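Have a look at this one when you get a minute. My notes are below, point by point.

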Amino acid sequence: MKNSAVLKVVNFVWFQSIWWLVILFQNQAVLPVLGLIALWIAISPKRTEDIKLMSTVFLLGTVIDALLTVSGLFIFNQTEVLISFWPIPIWLSLLWAAFAGTVYHSLTAFNGRMAIAAVAGAVFAPLSYIAGAEFGAVELGTSVMLSYIFIALVWSVVFPLCFYLSNRFEAKQAQA
């Protein structure tokens with residue numbers, strides 16, 4: 001898939017499909033989401049970089065959301081836990097990996113623009129979590145406004161960090 005515009009659209013639709021799957025179906029979405037992640041890796045023109053970034057952000061996001069869960073900001077009412085030792089629902093960790101799969105592709109407009117990335121992370125990421133709460137995927141442990149503020153603070157750092165990491169992985173790949 002060489003056409004940059006087509007790739008960006010496909011990547012955007014791919015991520016939105018994963019977002020809707022995990023928000024609407026949580027644990028029941030895990031296998032389809034794993035399939036979509038594998039499909040993206042198979043067609044990605046930056047396969048190695050995507051794998052590195054997706055793996056790193058999968059773990060980073062798990063730690064971040066686990067801390068937000070332990071702090072009481074997120075509450076998950078899961079009756080069926082797929083991986084007992086995992087600190088958050090595995091579908092949420094997979095969503096982090098899928099998000100990382102957009103950094104080299106549909107989100108390239110933010111690359112090299114750390115201040116804009118920080119503002120975008122602070123504005124849009126909380127809306128995603130709040131939408132997830134509206135659909136019942138998560139319960140917010142505090143008011144919507146306080147939740148928004150806390151998530152905005154986290155994502156004002158996380159979003160630019162993803163681009164920093166992507167640039168590091170890309171530079172190392174270029175050296176290899």
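1. Helix α5 gives the largest share of the lining of the largest pocket, eight residues. Helices here are DSSP runs of H or I, at least four residues, numbered from the N terminus. The other elements giving two or more residues to that lining are α1 (4-25), α4 (90-100) and α6.

2. The pocket has a volume of about 700 Å³. In total 28 residues line the pocket, and F15, F99, F124, A125 and S128 lie nearest its centre. The lining divides into 21 nonpolar, six polar and one charged. (A pocket is an open set of points on a 1 Å grid where a 1.4 Å probe fits, with protein on both sides within 12 Å along at least five of seven lines; lining residues have an atom within 4 Å of a point.)

3. A caveat: this is a predicted model, with local features needing pLDDT of at least 70 and side-chain atom pairs pLDDT 80 or more, while totals for chains, interfaces and linings use all residues. Numbering starts from 1 along each chain, and side-chain values use heavy atoms, leaving out hydrogens and water.

Definitions and conventions
Points joined across faces, edges and corners; volume = space filled by probe spheres on them. Nonpolar A, V, L, I, M, F, W, Y, C, P; charged D, E, K, R; others polar.
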